[in-house]
Amino acid sequence: MAKRTFSSFEIFLIFLLVITTGITVALLSLLFITSGTIENHTGFPSTQGPPATQSPPATQGSAAPQNSTPSRGPTTTQASPTPSTPEPTLFQNFSGYHIGVGRADCTGQVSDINLMGYAKTGQYARGILTRLYSRAFIMAEPDGSNRIVFVSIDIGMVSQRLRLEVLSRLQNKYGSLYRRDNVILSGTHTHSGPAGYFQYTTFVIASEGFSNRTFEYMVTGIVESIEIAHKNMKPGKIFINKGTVDGAQINRSPTSYLWNPQSERARYSSNTDKEMVLLKMVDLNGEELGLISWFAIHPVSMKNTNHLVNSDNVGYASYLFEQEKNKGYLPGEGPYVAAFASSNLGDVSPNVLGPQCTNTGESCDNANSSCPIGGPSMCVAMGPGQDMFESTQIIGRIIYDKAKELYESASQEVTGPLASAHQWVNMTDVTVWLNSTHTVKTCKPALGYSFAAGTIDGFGTVSFTQGMTEGDSFWDTLRDQVLGKPSEEIKECHKPKPVLLQTGELLNPHPWHPDIVDVQIVTLGFLAITAIPGEFTTMSGRRLRQAVREAQRYEAASTIYGPHTLSAYIQLFRVLAKAIATDTVANLSSGPKPPFFEELMSPLIPNIVDRAPEGTTFGDVLLPANTIYRVGEVVEVTFVGANPKNSAENRTHQTFLTVEKYEATSATWQIMHNDASWETRFYWHKGSLGLSNATIQWHIPDTAQPGTYRIKYFGHSRKQDLLKPAVLLSFESTPSVFEVQVTWFKKERNQQVL
C-alpha cells in the first residue's frame, strides 16, 4: 500500500482537529452548570406504523456510569402530584371521540446557538424566517376512560430529557391523565431549529453546550399546547384518507436501497414511501378543528448554509393550511391546527433534482456521492427552486395541495377504542430471534465512518465518503490517541460496519449515546401509530408497519446499536402490538428507567452586555426604508440591535417585528405580518464588544393592498451594572414608514397601470 501523504491544507485541518478536540475535552471536563431542569437525549423521534410518524428519541444508559451523577429525575416531579386543573365534564352520549387541539410557540433561541440537524460547525442561528410551534391533539373515548395525545413539534428531534420533563410537568398538573404510554411527542425533523437541548455528550458537542433558555422555551411551549388542547376538548368525529404524493421526494441513498432483497423491492412501485395518511377532525356540528398528516420527507429544503430559524417545507405546509382555515388571524394564531408530522424519512430527500457537482454541474448520483473534481464536498442535492427559499415553498405547497385534496374528500370515519403501550428498553442488550432456533444480540452504541460523511443534503467531515466499508488507519490512530481504542467486542459486534466512534464505551463527562430508549404504540380505532427512537429509512418503515399489522391481527452506518437494530425494534414493537390486541398491556413491564444528569456543559458562547453606538439607543433606525415600494419588491430596514437570545428569556414581546398598515377610517395601525409570516425575515448581524444590528425584510406579496405601512422592531437588551446581576430590558423601535403602490397590467393592451 502506498504511503499516505497530506497536503499542507490537510495538515492544517488535522492540527486544527487535534487542538479543537483537546479544547473540547477540557471544556467538557471543566465547564458545567447545575440546572434544575436538565435534559436527556437520544436519537430523533421518528414514528412509524400504519401511519408512520416521528416520536420521542432514545434515552440514556440503563445504569448510571461510575463517572456520572444521576439525579433523582425531573426536579418538577412530585411524589404524589395533585392535579391543579380539574377534569372538565365530558358529554358522553354520542358516537365519536372527544377532540381537543392546541398550538403554542416553542421557538427557543434564534442567535448564538447551533442549528440542529446538519451538525455543521459554524451554522449558528442569526435570525428567524418563521416561528416554531408545538401542535397538540387529544383524542378521548366518549366516557373519557381512555385517551391519547399526539404532539407534532417543529424541532429537529425530541430529546428524551425534553420528553421526560414534559411528562413530569403534565403529571404535576393532571395526575395520571397524561402518561408516558399515551403521550407521543414527535419532531418534524426540521434542520433549521435551535440545538442545545440534549444531555448525551455526542449531541452536547454538536450543540456546543446545553442551553437552558432554549430547553425551557421548548418544554413550556409543548406543555402549553397540550393544555390548550385539553381545555378545548369537545365531542367530534375523525375521518381518515390517504393518497399518493408525486414530485416531492427522491431516495438519497438509492444504491443502499438496492441492497434490499429484490423480492421485497418488487412489492413496491417506488424506492420512497409516496403515501400520505391524513386525519381530519371536526366537531359534531361539522366545525373544522384540525388535521394530522404523515408523509415521509426530510425537511432539508433549507440548506446547511442557512442561518435563519424556520420550520422548513413541512412547516410551510402547516403555514398554508392554517392561514387558509384561520382567515383574519396572524400566523400562529386562530383555533384551527394543522400538523404535518414526520414518518420513515431516513433516506428521503426533498431536493428532487438530485445530487449534482456544484463545480461542474454533472450528476454525482453514485455509491459514494462524490465528484471527480473536489470529491464529496462538491456533491449536493438540488431542490426544484432557484434558491432554498423557493425550494421550500415549492415542496411545501406540493404537500399542502395533496393534503387539501385528501382533507376535502375524507369520508371514512375512524371508530373504535383507544389504547396505548410503552416500554423502556436497554437497546444494548436485546436478544433478537432470527428464527425458532437462532438468536443474535444488539450492541453498545457506535458510529461508522459513513456517518461522518453526511448526505447529499449536507456534506459532513473532510476525508470521509458515503458508503465507506473499511476504516482508515490515520483516523483510527488519531481516535485511539484522543479517545481511546474501541474494544474488540464492540468492533466485532458492529461488523461489517467499521467503527469510527465507540460512543457506547465513552462515558466522560457523561455517556456519549443512550443505552435505554423507549418504544411506544398508540391505537386510534383501527389505526396504529408507533413512536420510534430513531430515523427509519423507507424499507425499515415498511417492514415495521408489516410487523405491527401482523401482530394486530393476533424487523448501515448509523445503525447505532449494531446490524440487528431494525430487527430488535420490530421484535419489540410486535410485543407492544400483541399486548394491545390481546388486552394484556397491564402485564407489560415498564423496563429500566433512564438516568438523568444534573451537571451539563454550559454554552460555549457567553452572555455579554449589549451596547448601542454612541449617540443612539436600541431600536433606532440606521438605514430607513425607501419612501415608495411596489408589490413584489423587498422592503428593508436596519436598526440598532441587541442579541435576540435575550428574548428567549424575557418574553415581553411575542415577535421581533411587525409590518403594520395605517387605516385612515379608524386612525389606527393594523398588524398585517409578524415574524411568523413567510413574507418577513429577521436578520441579526453580530458585531464586536456587544454591538449589533438588526435588519428586517418584508417581501411584499401580491395580496398586499396599497397604502401607508410601517415596520417596527422589538427586542431585549442585556444590561449589567458593576457588582449587580444582569437584567434584560425590553425595547421597541421607532417605526420606518413607507408607501406601497399596487402595479398590474391590462391584458388587452398589456399596459402598466398604477
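The model is predicted; local features require pLDDT of at least 70, side-chain atom pairs count only at pLDDT 80 or more, and totals for chains, interfaces and linings use all residues. Residues are numbered from 1 along each chain as its sequence is written, and side-chain values use heavy atoms, with hydrogens and water left out.

The UniProt annotation "active site", from an unreviewed entry, covers Ser349. UniProt positions are given in the numbering used here, feature names are shortened, and annotations may be inferred rather than shown by experiment. Serine 349 lies in strand E15, residues 348-349. Helices (H or I, at least four residues) and strands (E, at least two) are DSSP runs, numbered from the N terminus. Serine 349 counts as buried because its relative accessibility is 0%. Here buried means under 20% relative accessible area, exposed means over 50%, and partly exposed lies in between (1.4 Å probe, protein chains only).

Serine 301 sits in the loop between strand E13 (288-294) and helix H7 (312-325). This serine 301 has a relative accessibility of 1%, so it counts as buried. Its side chain makes a polar contact of 3.0 Å with the side chain of asparagine 313. A polar contact is a pair of N or O atoms within 3.5 Å; within protein, one must be able to donate a hydrogen and the other to accept it, and residues adjacent in sequence count only if both atoms are side-chain atoms. With neighbours within four places in sequence left aside, serine 301 is in contact (heavy atoms within 4.5 Å) with Asp312, Asn313, Pro350, Asn351, Met388, Ser391, Thr392 and Ile395.

The structure contains 3 disulfides, each defined as a pair of cysteine sulfur atoms within 2.5 Å. A disulfide is a covalent bond between the sulfur atoms of two cysteines. With bonded cysteines counted along the chain, the pattern is 1-3, 2-4, 5-6.

Cysteine 357 is bonded to cysteine 371, with the sulfur atoms 2.2 Å apart. This link is left-handed, at -110 degrees about the S-S bond. The pair links distant parts of the chain, 14 residues apart: cysteine 357 is in strand E16 (residues 354-357), and cysteine 371 is in the loop between E16 and strand E17 (379-382). Both cysteine 357 and cysteine 371 are buried.

Cysteine 364 and cysteine 379 form a disulfide with an S to S distance of 2.1 Å. The link of cysteine 364 and cysteine 379 is right-handed, with 90 degrees about the S-S bond. Here too distant parts of the chain are linked, 15 residues apart: cysteine 364 lies in the loop between E16 and E17, cysteine 379 in strand E17. Cysteine 364 counts as buried at 0% relative accessibility. Cysteine 379 also counts as buried, at 2%.

Cysteine 443 is joined to cysteine 493 by a disulfide, S to S 2.0 Å. The torsion about the S-S bond of cysteine 443 and cysteine 493 is about -85 degrees, so this disulfide is left-handed. The pair links distant parts of the chain, 50 residues apart: cysteine 443 in the loop between strand E21 (439-441) and strand E22 (447-448), cysteine 493 in helix H11 (residues 488-494). Cysteine 443 is buried, at 2% relative accessible area, whereas cysteine 493 is partly exposed at 25%.

The second largest pocket has a volume of about 910 Å³. On a 1 Å grid over the protein atoms alone, a pocket is an open set of points where a 1.4 Å probe fits, with protein on both sides within 12 Å along at least five of seven lines; lining residues have an atom within 4 Å of a point. Grid points are joined across faces, edges and corners, and a volume is the space filled by probe spheres set on the points. The lining of this pocket comprises 35 residues, of which Tyr319, His673, Glu679, Pro701 and Thr703 lie nearest its centre. H7, helix H8 (388-409), strand E33 (668-674) and strand E35 (692-699) each supply at least two lining residues. The largest share, 5 residues, comes from H7.

Two cis peptide bonds are described next. The bond from lysine 495 to proline 496 is cis, with omega near 10 degrees. Proline 496 is in the loop between H11 and strand E25 (499-501). Asparagine 508 and proline 509 are also joined by a cis peptide bond, with omega about -5 degrees.
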